[in-house]
Amino acid sequence: MGVGGGTPYGFDVGQSERGTVLKGLDLGVQGMRVGGQRLLIVPPELAYGSKGVQEIPPNATIELDVELLAIKESPFGSPVKVVEG
């Protein structure tokens, strides 16, 4: 992921509490099917909050254009969604 996107990014669905993926992305891809596309408009409290990160300022609402490429079973038994942003 990242600004400009185009790089597939995989993550365990429902694991945003670990901080490995934005809560807004985690919630936004739920219910998607492979090949589906969504524009997620993520408020600050589900994105980077009051901290911001790199070029994203504090309290920013961000837009994520995602396409679900695949759903894979992880070796630990939880689904892993691969999205492109």
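## About the model

The model is predicted, so local features need pLDDT of at least 70 and side-chain atom pairs count only at pLDDT 80 or more, while totals for chains, interfaces and linings use all residues. Residues are numbered from 1 along each chain as its sequence is written, and side-chain values use heavy atoms, with hydrogens and water left out.

## D26 in its helix

Let's start with D26, which sits in helix α1 (residues 23-29). Helices are DSSP runs of H or I with at least four residues, strands are runs of E with at least two, and both are numbered from the N terminus.

D26 is buried but has no salt bridge. Buried means under 20% relative accessible area, exposed over 50% and partly exposed in between, using a 1.4 Å probe and protein chains only. A salt bridge needs a side-chain nitrogen of Lys or Arg within 4 Å of a carboxyl oxygen of Asp or Glu. The nearest side chain of opposite charge is K23, 6.4 Å away; Lys and Arg count as positive, Asp and Glu as negative, and His and the chain ends are not counted.

So what does the side chain of S16 make with the side chain of D26? A polar contact, at 3.0 Å. That term covers a pair of N or O atoms within 3.5 Å; within protein, one must be able to donate a hydrogen and the other to accept it, and residues adjacent in sequence count only if both atoms are side-chain atoms. A polar atom of the D26 side chain also lies 2.8 Å from the backbone nitrogen of G14.

## Two loop residues

Q54 and N59 belong to the loop between β2 (37-42) and β3 (62-73). Q54 isn't a glycine, yet has a positive phi of about 45°; its relative accessibility is 76%, so Q54 counts as exposed. N59, also not a glycine, has a positive phi of about 60° and is exposed, at 52% relative accessible area.
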